[in-house]
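Please keep the sequence and the structure in view while reading.

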Amino acid sequence: FGFLFRQFKKAFLKANYVTGTSLPQIEKAHELFKSTNLKLVRTGVDVEKISQLDQPELIPDSLREKEFVFSPRFMAPIYNIEFQLEAIAKLDQKFIERFTFVFIRGKQFDEKYYQLQLKRLQQLKAEINLNYCVIDYLDQPSMWMMLKKTALCIMTPISDGTPNSALEAMAAKCPLLISNLNYDKDLFENSCLKLNSFEVAELKDMIENSLTNYNPELLINAFTKVSELGNRPLEMKKLEAFYLNL
């Protein structure tokens, strides 16, 4: 391990530029290698394409006339879907009756974990008449349209960087609720709702509050921030400038 670390350190210090996609990445690289050549270049999303997309036919037929809450991260342990399900189980019945809860299995998923979550969804269907939908996979435009139509986008991973799915939600101007993680403050502060813990009761309350009275100023702030700080064409221009300076 020590040899590998020293080789990485040499590479980091020798490079003209080292880029990272989030502020915590940059901070960690500086902490480990004392690099001074670190630059933030986020992957970013196509804000203009997302904001201009208007193809309601991309929404699955079963959801087209329904109000729904959307969990866009795949069914894998890191995305903490079971946490969402336990909060949903405690929602006031008026939310259960009004909304369909939508999940994405994903192309690459943990079969055992997926089956456990599916079983829990089936239990909730029997116990509280939960309306739910699990979609195998969505292509990019369909994902964007789902974000544009959803009443609330929820993502509760236990570890994350600068998630493009969150940036896409911001570009789609949809209400967004995220985990209590070390997300970049310049992007995610005052632009969405953020949990303070991984307590089921808190998530349940924030879902209910979001579906009842989500602050519209957060949507405006989110779109402005993603346009300026998470916009792929702008971020790639930064990267291009580094290459041209070599």
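D205 counts as partly exposed because its relative accessibility is 37%, where partly exposed lies between buried (under 20% relative accessible area) and exposed (over 50%), with a 1.4 Å probe and protein chains only. The model is a predicted one, in which local features need pLDDT of at least 70 and side-chain atom pairs count only at pLDDT 80 or more, whereas totals for chains, interfaces and linings use all residues. Residues are numbered from 1 along each chain as its sequence is written, and side-chain values use heavy atoms, with hydrogens and water left out.

**Salt bridges**

- The structure holds 14 salt bridges, each defined as a side-chain nitrogen of Lys or Arg within 4 Å of a carboxyl oxygen of Asp or Glu.
- D205 forms one of them with K204, and the closest N and O atoms of this pair are 3.5 Å apart.
- K28 is bridged to E31 with closest N and O atoms 3.4 Å apart, and both residues lie in helix α2 (residues 23-33), 3 residues apart, or about one turn of the helix.
- K28 is partly exposed at a relative accessible area of 42%, and E31 is likewise partly exposed at 47%.
- K238 and E235 form a salt bridge in which the closest N and O atoms are 3.1 Å apart; about one helical turn separates them, because they are 3 residues apart in helix α12 (residues 232-245).
- In this pair K238 is partly exposed, with 34% relative accessibility, whereas E235 is buried at 1%.

- Strand β4 (residues 100-104) is largely enclosed by the rest of the structure, because 5 of its 5 residues are buried.
- From β4, T100, V102 and I104 point one way while F101 and F103 point the other way, and all are buried.
- β3 and β4 run parallel and are joined by 5 bridges, with S71 having F103 in β4 as its bridge partner; strands count as paired if DSSP finds at least two bridges between them.
- β4 also runs parallel to strand β5 (residues 131-135), again with 5 bridges, and here F101 stands opposite Y132 in β5.

**Nonpolar surface patch**

- I78, I158 and F198 make a nonpolar surface patch of about 250 Å², where patches are made of residues with over 30% relative accessible area and no salt bridge, like charges being joined within 9 Å and nonpolar side chains (Val, Leu, Ile, Met, Phe, Trp, Tyr) within 5 Å.
- I78 sits in the loop between β3 (68-74) and α4 (81-88) and is partly exposed at 38% relative accessibility.

**The chain as a whole**

- The protein chain has 12 helices and 8 strands, taken as DSSP runs (helices H or I of at least four residues, strands E of at least two) and numbered from the N terminus.
- The C-alpha trace spans about 60 × 40 × 30 Å along its principal axes.
- Buried residues make up 46% of the 246 residues.
- The chain exposes about 13000 Å², of which carbon and sulfur atoms supply 52%; accessible areas come from the Shrake-Rupley method with a 1.4 Å probe, and for residues only the protein chains shown count as cover.
- Among contacts (heavy atoms within 4.5 Å) between residues at least 6 apart in sequence, 70% join residues at least 24 apart.
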